[in-house]
Every structure is written in structure tokens, then in C-alpha cells.
Amino acid sequence: MQKTNHTLHIGCHLSSAGGYLAMGKAAVNLDADIFAFFTRNPRGGRAKPLDMEDVRAFCKYREEHGIGTLVAHAPYTMNACAAKDTLRAFAREAMADDLARLEHIPNTLYNFHPGSHVQQGAEKGIELIADLLNDVLDPAKKTIVLLETMAGKGTEIGRSFEEIAAIIERTDCKERLGVCLDTCHVWDAGYDIANDLDGVLEEFDRVIGLSRLHAVHLNDSLNVRAARKDRHARIGEGEIGLEALTRVIRHPKIRHLPFILETPNDDAGYAREIAMLRERA
């Protein structure tokens, strides 16, 4: 397949079980020019050893097929502001290990859920997340770490732009820190991206700075706005809607970013959504 000049950089989560080259081929088969993957089992701990031969083969394939930014996702079990010391230690070790491995994969972002403060209070949660980031971020490394905007269920940190900004403010190595905006999450948190996208992006820019926005999780939501429940829907089958999400991918301030689908789909469903959104971009 020849390299394609995509105006919309879009992809989805792919299984990392077969390695990087297998993910690259799967992405091309879906007409995706980017993709996301979990660095280890999303519900578990250990990561597979890095296969440098596979990495080299992927990097060659990536160049040949025009695959752009990758978005690595930390496991869901990683809670940087957990109440238990052992859970925070796992989060620190997992992130440090992931970032060391990702140094071998150029142009990769590392996305993580800030965590849940578990009744310690948001301020304490923010402090603990920043402490972890100060331990693991290294200005000499290449990978940018992304804080994901959250829906606000339970005791999640990251339900507001102000909470994300507070973490960044307390982090020393700010040049290695950015944000991933999840459309379902911000909608569920109360931000009206369907009817006031310009206003939401202006608020993001004022509170955090659009220069820190490096990726978008493009998802519809099963919930009404501000439900704080975090239930993803296929594009156009939720409360945000196709027209609103089309405005997201077309918006001049963010259209250059990588858009990752996390909708409830199989490969055929992702291929349909990618084709539909490419046509509308």
C-alpha cells in the first residue's frame, strides 16, 4: 500500500499482543494513520519484554506507510493518587518502566488517567499525582506524558480543567507534560462541546493552554451532559452526536491533532467510523 496523505489523523486502540509491526499492519488495514495501544494488560501488571527486532521492523513499516503519532495508554489499574502506598508504588514503577520502553518508539505519547483520590480529597490527590510525576519525568527523555480529562465519576481527579492545571502547576518537568481531551469525558463532566465547542476550547486555553493539548479521544456518550458516568457510545449514536463530533475534527485549533476512537466497536466498526469521519473531515 502506498503512503497516504491524510488530512485527518485518526485511529483506534489496537491489541498489542502481536507486537508493534502487527499493530502497524492492523492500522493500515483500517485506513488509520495513527493508533493507540495499552503498554501492558489494561487490568493487570507486567509488560511483555520489548522485542527490538519487532521495533525496528515496525519503524521501517511506519515510514513506508505514513503512520504518525502513537498514543500509548497506561493500564487502568494504575492509580497515581491511591490511598495505599503499595498502589502508588505500582503506579510509579509501571510509569517509569513504560517511559523507559517508549524511548525506543519515536513520536509516541503516553496517556494516563490521573487517578482517584479515594476519599482523601481532590487537593491531596493532585499533590500525590504531581509527586509521582516529579519522580518519573525526565527532561532528557523524548516521550510526552498526557493527563487525560475525566468524566468525574466517584473520586476521579481530572473532572475539570482546573484540576488538570493544578497538577501541571505542581510538576517540575512541565516540558514533558501535556493533556489528552476525551470528548465523552468532558461532556459527562459538564463541558458543552456539542453547543459551545469554541467556548470550551477557549476555556481550556485560558485554564491550561491549548499548546498542552496533544491528543483527542473521540467518543460519543450514552449520557446526558454532566452525568459524570463515563459511558462511551459509537460516533453519532450518543448524546453528543455526529454533527458535534464532526465540528471537533474540523475545528481549526485542534484538527491537526491525533484523534483516537475508543468507541464500543470491533475492527469492522472502527473501519466504518474511520471512513465516515475521513469523509466528513
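This is a predicted model: local features need pLDDT of at least 70, side-chain atom pairs count only at pLDDT 80 or more; totals for chains, interfaces and linings use all residues.

Colleague: How are phenylalanine 35 and phenylalanine 58 arranged as a pair?

Modeller: They sit edge-to-face, with 6.0 Å from centre to centre and 75° between the planes. Phenylalanine 35 is in strand 2 and phenylalanine 58 is in helix 2, so the pair ties together parts 23 residues apart in sequence.

Colleague: Is phenylalanine 35 buried or exposed?

Modeller: Phenylalanine 35 is buried, at 0% relative accessibility. Phenylalanine 58 is buried too, with a relative accessible area of 0%.

Colleague: And why do phenylalanine 38 and tyrosine 76 count as edge-to-face?

Modeller: Their planes are at 70°, and over 60 counts as edge-to-face. The ring centres are 5.2 Å apart. This pair links distant parts of the chain, 38 residues apart: phenylalanine 38 is in strand 2, while tyrosine 76 is in the loop between strand 3 and helix 3.

Colleague: Is tyrosine 76 buried or partly exposed?

Modeller: Tyrosine 76 is partly exposed, at 36% relative accessible area, whereas phenylalanine 38 is buried, at 15%.

Colleague: Which residues form an aromatic cluster?

Modeller: Tyr20, Phe35, Phe37 and Phe58 make up one cluster.

Colleague: Switching to the whole chain: how many helices and strands are there?

Modeller: The protein chain has nine helices and 10 strands. Its radius of gyration is 18 Å, close to the 19 Å from the globule rule for 281 residues, so the chain is as compact as a globular protein of that length.

Colleague: What share of the residues is buried?

Modeller: Buried residues are 56% of the 281.

How values were computed. Residues are numbered from 1 along each chain as its sequence is written. Side-chain values use heavy atoms; hydrogens and water are left out. Helices (H or I, at least four residues) and strands (E, at least two) are DSSP runs, numbered from the N terminus. The radius of gyration is taken over C-alpha atoms; the globule rule is 2.2 Å times the number of residues to the power 0.38. Buried means under 20% relative accessible area, exposed over 50%, partly exposed in between (1.4 Å probe, protein chains only). Rings of Phe, Tyr and Trp (its six-membered ring) pair if their centres lie within 6.5 Å; planes under 30 degrees apart count as stacked, over 60 as edge-to-face and the rest as tilted.
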